[in-house]
Amino acid sequence: MGVLMSRRQTVEQVQKVSLAVSAFKDGLRERPAAKRKGEAVAGPQRGTLEHAVQEVTEDEAAGPSPRPEASANRAAWERLRDGRGVEPEEFDRANRFTPPAFVRPTRELGDDELPDISLERREQVTNDEMCEICEVWTAESLFPCRVCTRVYHDGCLRRMGYLPQGSATELTETAHTETGWSCYYCDNLNLLLTEEEMYSLMETFRQCHIIPDTCLTLDDFLAYKHLVHKRQFERPMGEAQEERATLQFGALDPDKRGHVEWADFLSHESIQLLQKLRPQNSLLHLLTAKERERARAAFLALPRDPDGRVSQAECRRAQLAWFRKHPPDALSCNVSISHVGPMSESSPSSASSKSQDKAPEQEEPSRLVDWPTFLRENVAYILAARPNSPAVHLKPQV
């Protein structure tokens, strides 16, 4: 009869076994290869596991050189067995858009149908208990993602190369605040594309002479936008479209350095392609539970009429508010990351946005927006606000 174990006891058992296996492997690596080979020939076999390890060692030391693809497959299986994935030095980010072991999403049959996202029915979001990378539970040292339920150790992120130099402080200071922090899956909007959509985007880059992993100046950005517009509509871009593209470039370059980083440009083009190829109902399926809860909190905080609708101006103000990811007082707040929505109306940033949105509010005072419409008109901006970068990857039209 088996014995029931708590989750913590199970984790402790797994940790003990992992330590024992690691110590065994380290001992094998430290022993000289020649000594292991001699013992394998002269000494008796001492168990199935050690015999198997000796055979692998002999094959590596004295066996014929295997085919390159066989070596690559064996190395991949060894990394998968050890839970290491792709080593940082072997991960060529210039030619890869997806992290290790990531499978791009596929379109389902019901993706174009409106999902049932109720305003009244709240969702209880619980973060994972174990680190996504090492699968070890260490309580308070785990850092949660503000978009999904994954949690991480800062050391694991640094070892895998997902925590660049200077980002450790930002992670530790924002992960448990209202600002929050996005993991490497949610930080990259390009991972929302399917294989077919990614192929379409790469073909567009190739035809427009965009070199991956390079920065783009304003001239490069406008030239690219002109080519894409001409290929799509078979006519030159007008002055209004060029002005919007210039404003978008400024939103992607918040530090006014005169160029846009490749990661920001890729995220911008990815969300643009999603808007072009997928209906809004399909984009709603991409929202996580945390994002849906954040949208509910934002809608309920807005002034509504007796029928529960908000004005178009308030809806546009919410679109701007999704991108306030780095407010000045965010580091001093210690609240749940599950609520990162529009700022209060008394904040200076909200006051400035009111003055910017004053014209649209006067132009469309009569249009009212209900909860499903609010979601559909905001979904692209909610997704575009996922990256940690202060850049605005989809500038709202005000």
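Predicted model: local features only at pLDDT ≥ 70, side-chain atom pairs only at ≥ 80, totals over all residues.
Biologist: Let's start with H7; which helices do its buried residues pack against?

Modeller: The buried residues of H7 are Glu197, Met198, Leu201, Thr204 and Phe205. Seen down the helix axis they fall within an arc of 120°, so they line one face of H7. That buried set packs against helix H8 (218-233) and helix H10 (262-277).

Biologist: And which exposed residues does the face turned away from the buried side of H7 carry?

Modeller: Here the cut-off matters, since exposed means over 50% relative accessible area. On the face of H7 turned away from its buried side, the exposed residues are Glu195, Glu196, Tyr199 and Arg206.

Biologist: How far does H7 reach from its first C-alpha to its last?

Modeller: H7 covers residues 195-207, which makes 13 residues. At 1.5 Å a residue the expected span is 18 Å. The model comes close to that, with a reach of 18 Å.

Biologist: Leaving aside neighbours within four places in sequence, which residues is Trp371 in contact with?

Modeller: Contact here means heavy atoms within 4.5 Å. With those sequence neighbours set aside, the partners of Trp371 are Ile117, Ser118, Leu119, Ala295, Arg296 and Phe299.

Methods: Residues numbered from 1 in each chain as written. Heavy atoms only, no water. Helix = DSSP H or I, 4+ residues; strand = E, 2+ residues; numbered from the N terminus. Expected span 1.5 Å × (residues − 1). Buried < 20%, exposed > 50% of the residue type's maximum accessible area, 1.4 Å probe, protein only. Arc of directions from axis to C-beta.
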